[in-house]
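We will go stop by stop.

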Amino acid sequence: MPIMSDAMKELLSILDLETLEHNLFRGRSPQVGWQRVFGGQVIGQALVAAQRTVDPLRHVHSLHGYFMRAGDPKVPIIYEVDRIRDGSSFTTRRVVGIQHGHAIFSLEASFQIEEAGLEHQKPRPLDLTPPEQLISDKDLKEQYLQNAPANIRRYWEQDRPIELKPLSLTHYFSREKLPPEQNVWIRATGPVPEDRAVQAAVLAYLSDMTLLDTSLYAHGRSIFDRDLQVASLDHAMWFHRPCRFDDWLLYTADSPSTSGARGFNRGAIYSRDGTLIASTAQEGLIRVHPVE
């Protein structure tokens with residue numbers, strides 16, 4: 001586990017929402033020069049807001065969210081929680097994120113008490129290069145980023161709370177049409193508290209990373225292309241088992257379909273030992289505009 005980075009400290013800080021009133025919370029965004037709020041941040045903060053109103057013995061098992069407007073990183077986001085139902089085993093919450101008087105994001109999340117039952121899981125892909133044998137962030141910047149487009153350099157050079165090691169870098173540096181699937185090793189750049197609620201929020205945050213990009217593999221395109229308008233439309237996540245952040249996680253994704261200016265993607269997050277931690281699904285906007 002690496003020493004806590006400043007970016008990781010900031011992530012844990014922005015996930016610690018301010019309580020304003022009953023069912024009302026306020027979150028802020030890191031001031032790193034982004035033009036809009038990162039979708040994973042809004043998912044994670046909305047989940048935290050819901051968790052603050054739920055019995056701590058009940059843990060999130062699924063969430064479904066819709067992005068309606070781009071978030072403004074310069075102003076706080078107000079999260080309003082609707083306590084839809086408190087049942088004997090399940091709890092349901094609805095959360096709306098608000099900026100400038102308008103909803104920018106809505107989330108529904110379901111929580112469950114711990115229960116035993118049948119168990120099985122799909123195994124993770126085999127024979128993948130372990131993260132220690134892949135190029136490091138430092139070496140990537142030194143070897144590959146000098147000649148990369150400015151927007152790609154800015155993305156990879158930024159101090160981030162989550163370190164990524166894609167199994168292949170072809171997609172980022174070529175126009176080659178590739179199978180619409182990818183595998184990425186992911187880890188937090190610092191320790192995450194031994195708190196199921198915080199761990200779920202961090203997992204929700206990172207679940208928005210790299211997923212939408214999978215839709216573009218088959219077309220030899222990248223989210224950095226100047227003629228593309230790319231944005232998340234919705235995001236779903238299912239939490240299967242508790243997650244620890246003391247080692248690398250594998251995020252594997254595929255894209256079954258792109259059509260109607262939308263790309264659909266599915267993901268699975270595994271621990272290094274092959275335990276399936278969570279599954280994700282996301283549809284994103286992909287519009288092609290002529291470059292003037």
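**Stop 1: a threonine inside**

Select Thr-252: it is buried, with a relative accessible area of 16% (buried means under 20% relative accessible area, exposed over 50%, partly exposed in between, using a 1.4 Å probe and protein chains only). This is a predicted model: local features need pLDDT of at least 70, side-chain atom pairs count only at pLDDT 80 or more, and totals for chains, interfaces and linings use all residues. Residues are numbered from 1 along each chain as its sequence is written, and side-chain values use heavy atoms, leaving out hydrogens and water.

Thr-252 belongs to strand β10, residues 249–259. Strands (E, at least two residues) and helices (H or I, at least four) are DSSP runs, numbered from the N terminus.

Which side chain makes a polar contact with the side chain of Thr-252? Select Asn-183: the distance is 2.8 Å. A polar contact is a pair of N or O atoms within 3.5 Å; within protein, one must be able to donate a hydrogen and the other to accept it, and residues adjacent in sequence count only if both atoms are side-chain atoms.

Now show the other contacts (heavy atoms within 4.5 Å). Leaving aside neighbours within four places in sequence, Thr-252 touches residues including Pro-125, Gln-182, Arg-266 and Tyr-270. Then select Thr-129. Thr-129 and Thr-252 are 123 residues apart in sequence and 13 Å apart in space, C-alpha to C-alpha.

**Stop 2: the sheet**

Switch to cartoon view. 12 strands form an open sheet with antiparallel pairing, in the order β1-β2-β4-β5-β6-β3-β9-β12-β11-β10-β8-β7. Two strands pair if DSSP finds at least two bridges between them. The edge strands are β1 (18–21) and β7 (162–166), and each pairs on one side only. From one strand to the next, the twist averages 25°.

Zoom in on β7. It pairs with strand β8 (residues 181–188) in the antiparallel sense, over 5 bridges. Pick out Lys-165: Trp-185 in β8 stands opposite.

**Stop 3: a helix across the strands**

Select helix α2, residues 39–51. It lies across several strands, among them β2, β3 and β4, and runs at about 50° to β4. Axes are lines fitted to C-alpha atoms, for helices over the stretch in contact, and angles run from 0 to 180 degrees between N-to-C directions.

Is α2 enclosed or open? 13 of its 13 residues are buried, so α2 is largely enclosed by the rest of the structure.

**Stop 4: two loop residues**

Select His-100, in the loop between β5 and β6. Its phi is near 50°, a positive value in a residue other than glycine. Most residues other than glycine have a negative phi. At 57% relative accessibility, His-100 counts as exposed.

Next, go to Asp-127, in the loop between β6 and α3 (137–144). Phi of Asp-127 is also positive, near 55°. Asp-127 is exposed, with a relative accessible area of 80%.
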